[in-house]
Amino acid sequence: MTDSWDTIADWYVELLRAGSALNDFNRDALLDHLPDALSGRHVLDLGCGEGLITRAVAARGASVTGIDPSQRLIEHARNAGTAGPGTVVYTVDDGCVLGTVADDSVDWVIAGLSLNHVPDLDTALTAVRRVLKGRGSLAFSIPHPCFEAPYATWTQVTDGAVRRVVGHYLTEGFWRSDNPQAVRRAGNQHRTLSTYLTALLRHGFVLEAVTEPAPTVQVAAQQPQRAGLPPFLVIRARRA
């Protein structure tokens with residue numbers, strides 16, 4: 001059977017709720033690009049999964065809509081509830097279409113490790129720009145494309161240290177990990193850093209921040225080999 005986000009949803013939710021330092025780090029790195037107070041703001045969480053980031057944004061007072069194409073993940077998100085004081089509504093929707101989201105209706109679009117799953121980045125950015133209000137902002141994280149290129153591996157070198165071996169960086173497109181404990185066994189779209197940045201500019205976004213946050217102590221404790229590499233790239237851009 002070929003894995004999809006619906007087939008791995010239960011496993012993925014159990015992983016997150018048991019305590020995933022890497023996913024918590026991604027959430028916090030993305031939240032660093034949002035205002036601390038979001039009361040009165042409408043936020044769209046594109047590719048919300050089981051709602052880890054959605055709930056954190058609602059805790060800042062926002063009215064959040066979480067969308068994801070996986071019915072099973074949306075079920076888990078709804079069952080988790082929300083911490084408030086903001087509100088959350090979850091909907092099954094396609095991130096390349098955003099058919100349930102009205103034009104010029106949201107102040108922020110956030111996408112935590114999800115734009116690397118959409119099959120057509122241009123179509124997704126067209127939809128994002130459509131739903132954003134004038135001068136609204138997009139903040140998203142992706143696996144760092146320089147280090148999470150297709151089939152990148154770890155190897156031990158002569159001094160005993162573990163190093164990242166990266167190949168195929170320039171080979172863009174869909175790929176699937178053969179690691180049975182990796183989320184990318186459900187598939188992933190690899191794109192170069194320049195592809196993401198030029199796509200944003202082409203769609204009329206103004207770049208405001210590009211960060212490569214260093215792994216936290218918690219991440220390094222769970223995955224020591226990652227201590228010297230930024231696992232994620234976080235980008236914030238504003239609709240011109």
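1. Leaving aside residues up to four places away in sequence, Val109 touches Leu44, Leu46, Val128, Val131, Leu132, Ser137, Leu138 and Ala139, where contact means heavy atoms within 4.5 Å. The model is a predicted one, in which local features need pLDDT of at least 70 and side-chain atom pairs count only at pLDDT 80 or more, whereas totals for chains, interfaces and linings use all residues. Residues are numbered from 1 along each chain as its sequence is written, and side-chain values use heavy atoms, with hydrogens and water left out.

2. Val109, together with Leu98 and Phe140, has the most contacts inside the largest nonpolar core, which has 28 residues; such a core is a set of buried Ala, Val, Leu, Ile, Met, Phe, Trp, Tyr and Cys residues joined through side-chain atoms within 4.5 Å, and buried means under 20% relative accessible area with a 1.4 Å probe, protein chains only. At least two residues of this core come from each of β1 (42-46), β4 (106-112), α5 (121-131), β5 (132-143), α6 (193-202) and β11 (232-239), and α5 supplies the largest share, six residues. A second, separate core of 21 residues includes Cys48, Val57, Ala77 and Trp108.

3. The protein chain has seven helices and eleven strands, these being DSSP runs (H or I, at least four residues, for helices; E, at least two, for strands) numbered from the N terminus. Of its 240 residues, 52% count as buried, and among contacts between residues at least 6 apart in sequence, 69% join residues at least 24 apart.

Key:
Buried means under 20% relative accessible area, exposed over 50%, partly exposed in between (1.4 Å probe, protein chains only).
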